[in-house]
2 protein chains.
Amino acid sequence: MDRLRKHLEEIIELTDTEYERIKSFFTLRRVKKNQYLLQEGDHAKYEFLVLSGIFRMFFLNEEGKEYIIQFAGPNWWMTDYQAYFNQKNTTLHILCMADAEVLCTTLEGRETLSAELHKMEHFFRVKLTNGYVAQQRRIISLLSGTPQQRYEEFGQLYPHLMQKIPKKYIAEYLGVSRETLSRLYSG
Amino acid sequence: MDRLRKHLEEIIELTDTEYERIKSFFTLRRVKKNQYLLQEGDHAKYEFLVLSGIFRMFFLNEEGKEYIIQFAGPNWWMTDYQAYFNQKNTTLHILCMADAEVLCTTLEGRETLSAELHKMEHFFRVKLTNGYVAQQRRIISLLSGTPQQRYEEFGQLYPHLMQKIPKKYIAEYLGVSRETLSRLYSG
C-alpha cells in the first residue's frame, strides 16, 4: 500500500496516523489483461487509482462502434465520473489492456476523507484541476487539431502510453482513421 | 456583492466574517457586448465568475477559423485554465455576447482562500467536479454523437443558453455545420 502514500505525498504531507486512516478507505483489486473493470449497466460504485497496468475507457454506440474517452496508466485516477458522482449505472466500459493493480474507493469514502482532512480535500482538488485542464486541452484538440497535430500532441503529453498502446487504439482515441495515421507515420 | 455570497452558499455556509474575507479577493468588472474579456497573448491572470451576461470562449486557428470551447452564463466560472494554473499567456479568446458583469480572482487569491478556509477548498472542489463531469460528457458527445443527438443534448443541458445564443454559434460549439443544423430544425 505504500504506493498510495507515495502518490499522495507528491501533493500533500501526511502523518502515519493520517495515512492509516486514509488507507482504510481503499481496497486493492487485481485485473488481468482483457478483463473489464467496469461494464455498461454496472453500478459506478468505485473510483479507481491505477497502480500498475493500462486501461482504456470507452463508449459503445448502438452499432457496437467503440469511442475511447481516455487511457489510464500508473498514478491515474479514473471512472465514469458522471455516473459515480450521481451514484448511477455507468454507460461506459473500462477494459484492462495490460495486467493491472488498482485501488478502489467509494464516493462515500472520498467525501468522508475530504470532510475530515482538509489535506485530502486539497489533494482531490489538485487532481481535478489537472484533469480539468487536460480535458479542456483535449476538447480544443478534437475541435480544431489536424490528425498530425493531434498525434504529435498525444506523443508529447503521454510518451509512456505512446510506446505501450497499439496504434489502432491511439487512432481511435484521437478520432482519426487508422489509415490516416499509418500514412502519416509509415516510417 | 451579495450575488457572490448567494452563489457560494448554494454549496457552503459562511459566517459574515468569512464572507468579508472571501469578498476581498474578488473585483467586479463590467464588460459590454462585443468586448473581449481575454485575448490570445494576454496574461491569464484571472478566473471569472459570471454574474450576468453571456460569453463565448474560443480558439482561433491560423486561418482565423473559430472553434468554441464553451459558453458561459450567470454563475459559471471560466478562464483558460491551462494558462491560468500555469500563469502563462492564453491561446484563447473570451468574447462578451451580451452586456455582462463578472467577478475576477487571481490564482494567488484562489489558493490563499483554499488554504485558509477548508470550506472554500470544498467549494472549488465541487465546482471542478461538476466542470469535469460536463467536459467528460462533452468529449463523449464530440466523439460519438450525431448532429441531432448533440443538438438535443445541448438543449436539455442548457435550455437557458439555447434561447439566447444564435444558432450559428451553437452549431460551431457542437462541431456541426450550420446547414446541417438548419436542415434538422427548419420547423
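Mentor: B:Cys104 is buried, with a relative accessible area of 4%; buried means under 20% relative accessible area, exposed over 50% and partly exposed in between, computed with a 1.4 Å probe on protein chains only. This is a predicted model, in which local features need pLDDT of at least 70 and side-chain atom pairs count only at pLDDT 80 or more, while totals for chains, interfaces and linings use all residues. Residues are numbered from 1 along each chain as its sequence is written, chains are lettered from A and ligands numbered from 1 in the order in which they are written, and side-chain values use heavy atoms, without hydrogens and water.

B:Cys104 belongs to strand β6 of chain B, residues 93-106. Helices (H or I, at least four residues) and strands (E, at least two) are DSSP runs, numbered from the N terminus. Leaving aside neighbours within four places in sequence, B:Cys104 is in contact with B:Phe25, B:Phe26, B:Thr27, B:Arg29, B:Tyr46, B:Glu47 and B:Phe48, where contact means heavy atoms within 4.5 Å.

Just after α8(B), B:Gly175 takes a positive phi of about 70 degrees.

The largest pocket has a volume of about 960 Å³. Of the 35 residues that line this pocket, the closest to its centre are B:Trp76, B:Asn130, B:Gly131, B:Ala134 and B:Tyr158. On a 1 Å grid over the protein atoms alone, a pocket is an open set of points, where a 1.4 Å probe fits, with protein on both sides within 12 Å along at least five of seven lines; lining residues have an atom within 4 Å of a point. Grid points are joined across faces, edges and corners, and the volume is the space filled by probe spheres set on them. Among the elements that give two or more residues to the lining is α8 (167-174) of chain B, while the largest share, 12 residues, comes from α5(B).

Finally, a rotation of 180 degrees with 0.0 Å of shift along its axis superposes chain A on chain B, with an RMSD of 0.0 Å. The two copies are therefore related as by a two-fold rotation axis. Copies are superposed by least squares on the C-alpha atoms of residues with pLDDT of at least 70 in both.
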